[in-house]
Amino acid sequence: MQADLFPHRHLLGIEGLQPQDILGLLDRAEAAVEVSRQVEKKKSVLSGRTQINLFFEASTRTQSSFELAGKRLGADVMNMAVSSSSVKKGETLIDTAATLNAMHPDLLVVRHHAAGAVHLLARKVDCSVVNAGDGPHEHPTQALLDALTIRRHKGKIARLTVAICGDIVHSRVARSNIILLNALGARVRVIAPSTLLPSGIEKMGVEVFRDMREGLKGVDIVMMLRLQRERMSGSFIPSVREYYRYYGLDAEKLSFAREDALVMHPGPMNRGVEIDPAVADGPQSLIREQVEMGVAVRMAVLEALAAHLPNQ
Ligand code: NCD
């Protein structure tokens, strides 16, 4: 049974997953891609189940992607946007968890601005919890959808060279991707100015570059990250113009990568800041396809967790 391939109650991060857990989810997602391309997209795996999307941070694509995924599997999906600016963190989070728990959801999809908040919440509720991004910590479904997109184009992940470029220090996408890509045997590089690199990043098993052209030499995949200005206090970069000049991906810098290299970005993109629109919309870009794979991967995750819900 496929269900046994994912022996976890929650999906809180890529950390802690075995390669076979990841590959099992990717295989399951392949089937979900097919379902999503059909006229009839509805399955009944989550029929009768309640999924609550609890977002303490604004999100468009991730929230709608989880909503569609839940609905395609037959769940009743409720979106809750919680404004977090005025709340006292710990207390309110636990209160919110207790309140939601009383409504008997089966699946809780949570995004929070603080690293670790989703883990804390998972300990306070009876249902399955999916991390949809916790501060700069993890964003597991993003890494899974990136892996799915790569695998569909390159046929494998192992031994590919992947460069993750830009605002690494604020990026949960980078962290989750580094863990996943290493687990599946890829070679991972990070390229960023020193101010945007977390200290000790080498310990995560990546090769560090501060020069784009040097770092992009011979890579199979170029993964760009958004400059997360909302998370920056003080000056991490001298100016956006200068950042673009040195770290923005344009055709000239991309020419240092392999000829068949593919370009990715989790979105939302800042065109002209970290990426040239011509590259974002160009023939090597997989950015639109990542969005499609996002729904499929989230269907796979929800379906895998459904197998462990009570009363089955
Ligand atoms: C990312 C996120 O929220 O972590 N976006 C996303 O999930 N679509 C990356 C980002 O915000 O830059």
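**Entry 1: the cavity**

For my notes: on a 1 Å grid over the protein atoms alone, a cavity is a set of points where a 1.4 Å probe fits but cannot get out, and lining residues have an atom within 4 Å of a point. Rolling a probe the size of a water molecule over the atoms shows where empty space is left.

Before going on, I noted that this is a predicted model, where local features need pLDDT of at least 70, side-chain atom pairs count only at pLDDT 80 or more, and totals for chains, interfaces and linings use all residues. Residues are numbered from 1 along each chain as its sequence is written, and side-chain values use heavy atoms, with hydrogens and water left out.

The largest cavity comes to about 100 Å³; a volume here is the space filled by probe spheres set on the grid points, which are joined across faces, edges and corners. I looked up its lining and wrote down Arg61, Thr62, Ser65, Gln142, Leu145, His265, Pro266, Ile287, Gln290, Val291 and Arg298. Helix 2, helix 5 (140-154) and helix 11 (287-306) each give two or more residues to that lining. Helices (H or I, at least four residues) and strands (E, at least two) are DSSP runs, numbered from the N terminus. Helix 11 has the largest share, four residues.

Next I checked the largest pocket, with a volume of about 470 Å³. A pocket is an open set of points with protein on both sides within 12 Å along at least five of seven lines. Of its 21 lining residues, Arg111, Arg172, Arg226, Gly267 and Pro268 are the closest to the centre. Helix 2 and helix 6 are the elements giving two or more residues to this lining.

**Entry 2: the ligand**

Where does the ligand sit? I found it in the largest pocket, the test being that more than half of its atoms lie within 2 Å of the grid points. Helix 2 (61-72) and helix 6 (172-183) are the elements that give two or more residues to its shell. Around the ligand I listed Arg61, Thr62, Arg111, His139, Gln142, Arg172, Val173, Arg226, Gln228, Pro266 and Gly267, each with a heavy atom within 4 Å of it.

Then I went through polar contacts, which here are pairs of N or O atoms within 3.5 Å. A polar side-chain atom of His139 is 2.7 Å from a ligand oxygen. For Gln228, a side-chain N or O atom lies 3.4 Å from an oxygen atom of the ligand. Pro266 uses a backbone N or O atom, 3.4 Å from a ligand nitrogen.

Most residues other than glycine have a negative phi, and most peptide bonds are trans. I noted a cis peptide bond between Gly267 and Pro268, with omega about -5°. Pro268 is in the loop between strand 9 (262-264) and helix 10 (277-280). His104 has a positive phi of about 55° although it is not a glycine, and I found His104 in the loop between helix 3 (89-101) and strand 3 (107-112).

Key:
A polar contact is a pair of N or O atoms within 3.5 Å; within protein, one must be able to donate a hydrogen and the other to accept it, and residues adjacent in sequence count only if both atoms are side-chain atoms.
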